[in-house]
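Have the model open as you read.

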Amino acid sequence: TRELIKRYDGDRRLARKAWEHIIGLQGRKDALTRAQTRAAPHLGHTEGLFEMQEVPRIYARAAIVESLWRPEALSRSGAAGAYQFMPKTGAQFLLVDEGVVDERLDPLRAAWAAALYMSKMSKDLKEWPLVLTAYNTGPARLKRVMKARHTRDLGKIADAGDFGEFGFDGQNYYAQIAAIGQLTAAARFDPEPVVGRALRVDEALSFTDLAACVEAEPAALARDNPALAEAVIEGRERIPAGYVARVPPTVAPALAVR
């Protein structure tokens, strides 16, 4: 129909082949609603972090696409957290020490890392659709596809087919982000600074010692530090030097732990 052809910029060939590029999923409306509910208390903070890095605030909602805003999410490939960082990429910006501390699981720290990562890639890729695609598929892989297809046009890149490991998710990631942006556009949040107390652990120590030092209830301290592994909370491992602990707000300020 004329309306369908209009949707595809008047390209009749593309309109005829549109069905090849559409996938139907059921049951996602409820999942999206739950994800929005989980994300809402945090979006003021995370969007503020993105704005600080001069990344469009709406891209903080990439975590809804990545994990349905589940900070504990772990994929079969090893990506973890709300923003689904792989260990190697996450370690560029966060503490990632298996079984001890994994800041990918802390949604605020992961949001800061995601914003910093996108900002860094934008200096090279220049265009946000390419940056978002690179966030999902990796900048090196995206550049290989761009080089092979001799284009920076995301539409042509997305139509490149299964180029090595550049499959359906990579081809359609930016479209998903754009869709989430439209679906959640009515939900607006003023940027909020991340406030509270924190301290840097200068030397490795036990979780019990940290709780005693800052006079915090262990349960509250564990809740505010989701990056700490169960082995640390239970005392089988020590908090490593360099970790910055978030201190529950009822605690008197402390300078450092040595």
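## Where α6 meets α7

Start with two helices: α6, covering residues 107-125, and α7, covering residues 128-137, pack at an angle of about 125°, and their axes are 9 Å apart. That angle makes α6 oblique to α7. The crossing of these two helices, α6 and α7, is right-handed. Keep in mind that what you're looking at is a predicted model.

So who's touching whom? On the α6 side you'll find A114, Y117, M118, M121, S122 and L125, and they meet W128, L130, V131, L132, A134 and Y135 of α7. Sort the residues of this contact by class and you get eleven nonpolar, one polar and no charged.

## On to α7 and α8

Next up is the pairing of α7 with α8. Their axes come within 7 Å and cross at roughly 120°. Once again the word is oblique, this time for α7 relative to α8.

From α7, the contact uses L130, T133, A134 and T137, while α8 brings P139, R141, L142 and M146. By class, the contact of α7 with α8 has five nonpolar, two polar and one charged residues.

Now for the model itself. Its largest nonpolar core has 43 residues, and the ones touching the most other members are F50, Y83, F85, M118, Y135, L142 and I157. Several elements give two or more residues to this core, namely α3 (28-52), α4 (62-67), α6, α7, α8 (139-149), α9 (154-158) and α10 (168-183). The largest share, nine residues, comes from α6.

Which residues does L142 touch, leaving aside those up to four places away in sequence? The list is L125, L130, T133, A134, T137, I157 and F166. There's also a second, separate core of 18 residues, with F207, L210, L221 and I239 among them.

## A closer look at V145

Is V145 buried or exposed? Its relative accessibility is 0%, so V145 counts as buried; the cut-off for buried is under 20% relative accessible area.

V145 and A158 are 13 residues apart along the chain, and their C-alpha atoms are separated by 9.5 Å.

Key
Residues are numbered from 1 along each chain as its sequence is written. This is a predicted model: local features need pLDDT of at least 70, side-chain atom pairs count only at pLDDT 80 or more; totals for chains, interfaces and linings use all residues. Side-chain values use heavy atoms; hydrogens and water are left out. Axes are lines fitted to C-alpha atoms, for helices over the stretch in contact, and angles run from 0 to 180 degrees between N-to-C directions. Helices (H or I, at least four residues) and strands (E, at least two) are DSSP runs, numbered from the N terminus. Angles under 35 degrees count as roughly parallel, over 145 as roughly antiparallel, 65 to 115 as roughly perpendicular and the rest as oblique. A crossing is left-handed if the near helix is turned anticlockwise from the far one by less than a right angle, and right-handed if clockwise. Contact means heavy atoms within 4.5 Å. Ala, Val, Leu, Ile, Met, Phe, Trp, Tyr, Cys and Pro count as nonpolar, Asp, Glu, Lys and Arg as charged, and the others, Gly among them, as polar. A nonpolar core is a set of buried Ala, Val, Leu, Ile, Met, Phe, Trp, Tyr and Cys residues joined through side-chain atoms within 4.5 Å. Buried means under 20% relative accessible area, exposed over 50%, partly exposed in between (1.4 Å probe, protein chains only).
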